[in-house]
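Please keep the sequence and the model at hand while reading.

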Amino acid sequence: MTQTQELVNWSYEEKCEKAVESLGRNGFTAVYCRTAQQAFDYIVAAAEGAATVGFGGSMSVADMKVADRLGEMGKEILNHSMPGLSLEERVAIMRRQLTCDLFLTGTNAVTLSGFLVNIDATGNRVGSMFFGPKKVIVVAGRNKLVDGDIAAAVKRIKDSASPPNARRLNYNTPCAKTGFCCDCSSPDRICRITTVIDRKPRLTDLHVLVVNEDMGL
Ligand code: SF4
């Protein structure tokens, strides 16, 4: 590892630790993970008693390839992003995610004050984050940290997450072509539901893994 990488990691570690501390103060079970592998191991251990595991469509989680391991462990995987599914089949899986044993997702932003900020098009992902599943694990790479308020978190999402996500999902939005948000009125607009989870939801066992690696968008 170069000295530059060491210093970047140190700088992010300080930010990750601050976010973990704030999330803990806000009632979440917050854990610092030095690597994505540590987050992977945490998820596998947490899934021990779960029969059904839902996936919210997060690239952070998909890139970890944890679904393969959980499938080998005999878990039923509820993933509406599997290729070849009809719209009806996708919606049926999304509904089942709302009541799964363990729900895995990323987050679009985490403020250093310990808030989770997200923007969704359908709402299945954010809905499952705060009520329904018995346990929720949110994986937050260091690139999701925002040293600022909710407006700064929304700006991060509109600058860095929504345009490439619209492009990834082949939506016909201006940002999918230009890379910049213009607060469009497109029928394909993916920014429809903005949520702020500022304290642990009362009935949801919500864990946040803050990882000192860039993960997802
Ligand atoms: S509001 Fe429209 S242009 Fe802006 S990020 Fe969302 S989908 Fe893209």
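A residue is called buried here when its relative accessible area is under 20% and exposed when it is over 50%, with partly exposed in between. In this predicted model, buried residues make up 46% of the 217 residues in the chain. The secondary structure comes to eight helices and 10 strands, and the chain is as compact as a globular protein of that length, because its radius of gyration of 17 Å is close to the 17 Å that the globule rule gives for 217 residues. Among contacts between residues at least 6 apart in sequence, 73% join residues at least 24 apart.

| Property of the chain | Value |
|---|---|
| Box filled by the C-alpha atoms, along the principal axes | roughly 50 × 45 × 35 Å |

The largest pocket holds about 1000 Å³ of space. It is lined by 44 residues, of which Gly-56, Gly-57, His-80, Arg-168 and Leu-169 are the closest to its centre. Among the elements that give two or more residues to this lining are helix 3 (59-64), strand 4 (102-106) and helix 7 (150-168), and helix 7 supplies the largest share, five residues. By residue type, the lining divides into 19 nonpolar, 15 polar and 10 charged residues.

Lys-18 is found in helix 1 (residues 3-25) and counts as partly exposed because its relative accessible area is 47%. The C-alpha atom of Lys-18 is separated by 12 Å from that of Phe-115, although the two residues are 97 residues apart along the chain.

Terms used
Residues are numbered from 1 along each chain as its sequence is written. This is a predicted model: local features need pLDDT of at least 70, side-chain atom pairs count only at pLDDT 80 or more; totals for chains, interfaces and linings use all residues. Side-chain values use heavy atoms; hydrogens and water are left out. On a 1 Å grid over the protein atoms alone, a cavity is a set of points where a 1.4 Å probe fits but cannot get out, and a pocket is an open set with protein on both sides within 12 Å along at least five of seven lines; lining residues have an atom within 4 Å of a point. Grid points are joined across faces, edges and corners, and a volume is the space filled by probe spheres set on the points. Helices (H or I, at least four residues) and strands (E, at least two) are DSSP runs, numbered from the N terminus. Ala, Val, Leu, Ile, Met, Phe, Trp, Tyr, Cys and Pro count as nonpolar, Asp, Glu, Lys and Arg as charged, and the others, Gly among them, as polar. Buried means under 20% relative accessible area, exposed over 50%, partly exposed in between (1.4 Å probe, protein chains only). The radius of gyration is taken over C-alpha atoms; the globule rule is 2.2 Å times the number of residues to the power 0.38. Contact means heavy atoms within 4.5 Å.
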